[in-house]
Amino acid sequence: MDPVTDFEKKHKVESEPWGYSEKGVETLRHSWVRQQISKRVLDGGPVLDIGCSKGLLTAHLLCLRNKIYAIDLSPTAVRMTYQNLSSQFAGLNQDQLKLGSALSIPFPDQFFSALVMADGPQGWELTPLQKVQAMEEAYRVLRPGGIVVVTDFLQRRNFDEYSSLLAKGPLKVEVNSYLPDRLWFQLESNFKGLKKYSWFRAFLKSESWAQIISSISGLQGRRGAKHIAMILRKPETTNH
Ligand SMILES: C[S@@+](CC[C@H](N)C(=O)[O-])C[C@H]1O[C@@H](n2cnc3c(N)ncnc32)[C@H](O)[C@@H]1O
């Protein structure tokens, strides 16, 4: 199945294919992404959320003062993002949300100060070559000095291979880190039988519990991580 059909099917069949709104640890990941933009995009320029799904992370970004755009491969995802967010964010314009791929971003050269690739090149099921192509396309639409914020759900043993692959593109790796979330995902998986109880679902959804569990997971360093978290930057002076 081609990726457009595959992701469109996922969005049509399930109201929330990855269930992120039910997972406190995913809310923490979204907050981490928002903080990176807030702290690193000092020109206040436009930001593109690539692979916006139903707009959960986009909603976090819309709380920033930057103008936020979002794209997704799936027409259903783009439509639902607009439906979900237009009632919350009065100024949101339909042309801020577009159908589009990370491999062919429907915006002109040097348009954005930052791009968000949150679950992300691996989640999009790109081949190794396509992951490098996504970095080249990111370079095209970024202003000099602009950044890409990347998160992806990976086996820890694949972190180095993944970051080396992204580094093959024209962007410079500024941060190569991880999120301390492995223990949370272990608990979710080991006790999945308890999901029939509302108290356990409330526990999984709680950001405060996710924060406590992440603090414990963080004691293990990289071994306590399920997400790689990276920042890549387009150099101020470009010769690419
Ligand atoms: C795992 S979800 C991540 C959602 C959101 N970014 C987050 O972190 O919560 C991946 C989303 O990317 C979309 N997608 C898949 N391949 C894509 C591509 N090549 N370009 C843009 N979006 C893509 C899917 O339709 C899906 O909505």
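Reply: Happy to. Contact here means heavy atoms within 4.5 Å. Please keep in mind that this is a predicted model.

With that cut-off, Glu8, His11 and Lys12 in helix 1 meet Pro75, Thr76 and Ala77 in helix 4. By class, this contact of helix 1 with helix 4 has two nonpolar, two polar and two charged residues. Two packed helices are described by the angle between their axes and the distance between the axes. For helix 1 and helix 4 (residues 75–86), the angle is about 45° and the axes are 7 Å apart. Helix 1 and helix 4 are therefore oblique to each other.

The largest pocket has a volume of about 850 Å³. Of the 44 residues that line the pocket, Phe7, Trp18, Asp119, Gly123 and Trp124 are the closest to its centre. Helix 1 (3–13) is joined by helix 2 (24–40), strand 1 (47–50), helix 3 (56–61) and strand 5 (142–153), and each of these supplies at least two residues of the lining. Sorted by class, the lining has 18 nonpolar, 14 polar and 12 charged residues.

Two of those lining elements, strand 1 and strand 5, take us on to the sheet. It is an open sheet of seven strands in the order 3-2-1-4-5-7-6, with mixed pairing. Strand 3 (97–99) and strand 6 (172–179) are the edge strands, each pairing on one side only. From one strand to the next, the twist averages 15°. Strand 1 pairs with strand 2 (residues 68–72) in the parallel sense, over four bridges, and Asp49 stands opposite Ala70 in strand 2. Helix 6 (residues 159–167) packs on the sheet, where it touches strand 5, strand 6 and strand 7 (227–233), and its direction makes about 20° with that of strand 7.

Helix 7 brings Arg182, Leu183, Trp184 and Leu187 to the contact, and helix 9 brings Ala210, Ile213, Ile216 and Ser217. By class, the contact of helix 7 with helix 9 has six nonpolar, one polar and one charged residues.

Notes
Residues numbered from 1 in each chain as written. Predicted model: local features only at pLDDT ≥ 70, side-chain atom pairs only at ≥ 80, totals over all residues. Heavy atoms only, no water. 1 Å grid on protein atoms, 1.4 Å probe; cavity = no way out; pocket = protein on both sides within 12 Å on 5 of 7 lines; lining within 4 Å. Points joined across faces, edges and corners; volume = space filled by probe spheres on them. Nonpolar A, V, L, I, M, F, W, Y, C, P; charged D, E, K, R; others polar. Pairing = 2+ DSSP bridges. Axes fitted to C-alpha atoms, helices over the stretch in contact; angles between N-to-C directions. Parallel < 35°, antiparallel > 145°, perpendicular 65-115°, else oblique.
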